[in-house]
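Welcome, and thanks for taking a look at this one with us. Below is a short tour, from the overall fold down to a few individual residues.

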Amino acid sequence: MIETLQSLRIVFSLTVMLAHFSYAGIEGHSTGVGPMFFMLMTGFVMSKSYGIKVLDGTFKYGQYLLCRLFKFYPLHLLCLLLVVVIRRNTMVTEDYESLIPNILMLQSWIPKQSFYFSGNAVSWYLSDLMFFLLLFPFLYKRIGKMEGRGLLRLVVCLLLVYVIYVTFLQVDDLNYWLYVFPPIRLFDFMWGMVMYRCYELYPTVGGASSTWKEILLIVGVVLTIVFYPLHDKWHVALIHWLVLVPVVWIFMQGDKRGGFISRFLKTRTMVWLGGLTLETYLLHQIIFSIILHNAEKYHVQLPYMLMLVLCLGVAILLSWLTHICFVNPINRKLRLLIIEKK
């Protein structure tokens, strides 16, 4: 495990949580940087975990899919059930119809907001993720064998295809076709795969991660968040790629020889928080809605920052409890029942 990258997960999960926190007339500020980081990181981690097996022929496709599915699908169903229970009095026919693609994790393929943001709205990411995982071994068979020039050609090709796509895109719902549509988000996943292959070929490029490099990159991330969106069509990918690719690279190097921020990310607390990313990502909107609804119901008025800290604290606490009481036990039991008995 690369501890610095593990800890960065909770940092970018926090950007998602902040984007979804609205209170006392202050709306959350969407950025898109969090889901992009997770997609890029998934491509990197899948390549690191399964790349050798894909290339040497020992990769077992069915077992791999089940292992990945067991990590997030039970929690996805639990969150969906919680949403239905909470909203049962206000749900209409279309809300119930949207549950079917949501259960099948196909909601992000339907270009209608009431479907792709249905149920637990953030679960659109899981629908995209499932698409990436299905394609991963086929993509890595090519990317995992590429050398320097081949990788460069692939990068140029990806950039050209994306620029052409965005340039000629003429639709009303840009949010779907740039932010949710699985094939276009596959670019983020592939950047992670390309980065891992580059790391295999050139592990020392860039040298050790120093404090000034780390601070500069953090400032870059903050600026992309503050000034997001720069333009309706270019608000998701290119600007974030310019920042997130070097962020992953530098902090990956920082796992062994890093600056002050890397050393902070390697602390036990940060690594532990990084391990709760799935739970915080999927549960936070549900938890926020319950807390804020009850605060309004019982006329509890807290200052913005105090309410924010309360919501984040409760989200992390309940995510940890869900991790140890539900996600881990269910994952272990499913692996024992289905995989290890084969």
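## Overall fold

The protein chain has 16 helices and zero strands; here helices (H or I, at least four residues) and strands (E, at least two) are DSSP runs, numbered from the N terminus. This is a predicted model, in which local features need pLDDT of at least 70 and side-chain atom pairs count only at pLDDT 80 or more, while totals for chains, interfaces and linings use all residues. Residues are numbered from 1 along each chain as its sequence is written, and side-chain values use heavy atoms, with hydrogens and water left out.

The C-alpha trace of the protein chain spans about 60 × 50 × 45 Å along its principal axes. For 342 residues, a compact globule would have a radius of gyration near 20 Å, and the 20 Å of the protein chain agrees with that. That radius is taken over C-alpha atoms, and the globule rule is 2.2 Å times the number of residues to the power 0.38.

## Packing and surface

Of the 342 residues in the protein chain, 49% are buried; buried means under 20% relative accessible area, exposed over 50%, and partly exposed in between (1.4 Å probe, protein chains only). Among contacts (heavy atoms within 4.5 Å) between residues at least 6 apart in sequence, 79% join residues at least 24 apart.

The protein chain exposes about 17,100 Å², with carbon and sulfur atoms supplying 68% of it. Accessible areas come from the Shrake-Rupley method with a 1.4 Å probe, and for residues only the protein chains shown count as cover.

## Cysteines

How many disulfides does the rule give? The count is zero, where a disulfide is a pair of cysteine sulfur atoms within 2.5 Å. For cysteine 311, the closest cysteine sulfur is in cysteine 79, 16 Å away and so too far for a bond. Cysteine 311 is buried at 0% relative accessibility, and cysteine 67 is also buried, at 9%.

## A residue in helix 10

Methionine 190 sits in helix 10 (residues 182-201) and is buried, with a relative accessible area of 10%. Leaving aside residues up to four places away in sequence, methionine 190 touches Leu139, Ile143, Leu154 and Leu158.

## Two loop residues with positive phi

Alanine 24 is not a glycine, yet has a positive phi of about 55°. Alanine 24 lies in the loop between helix 1 (3-19) and helix 2 (33-56) and is exposed, at 57% relative accessible area.

Methionine 105, not a glycine either, has a positive phi of about 55°. Methionine 105 belongs to the loop between helix 5 (99-103) and helix 6 (113-116), and counts as buried at 5% relative accessibility.
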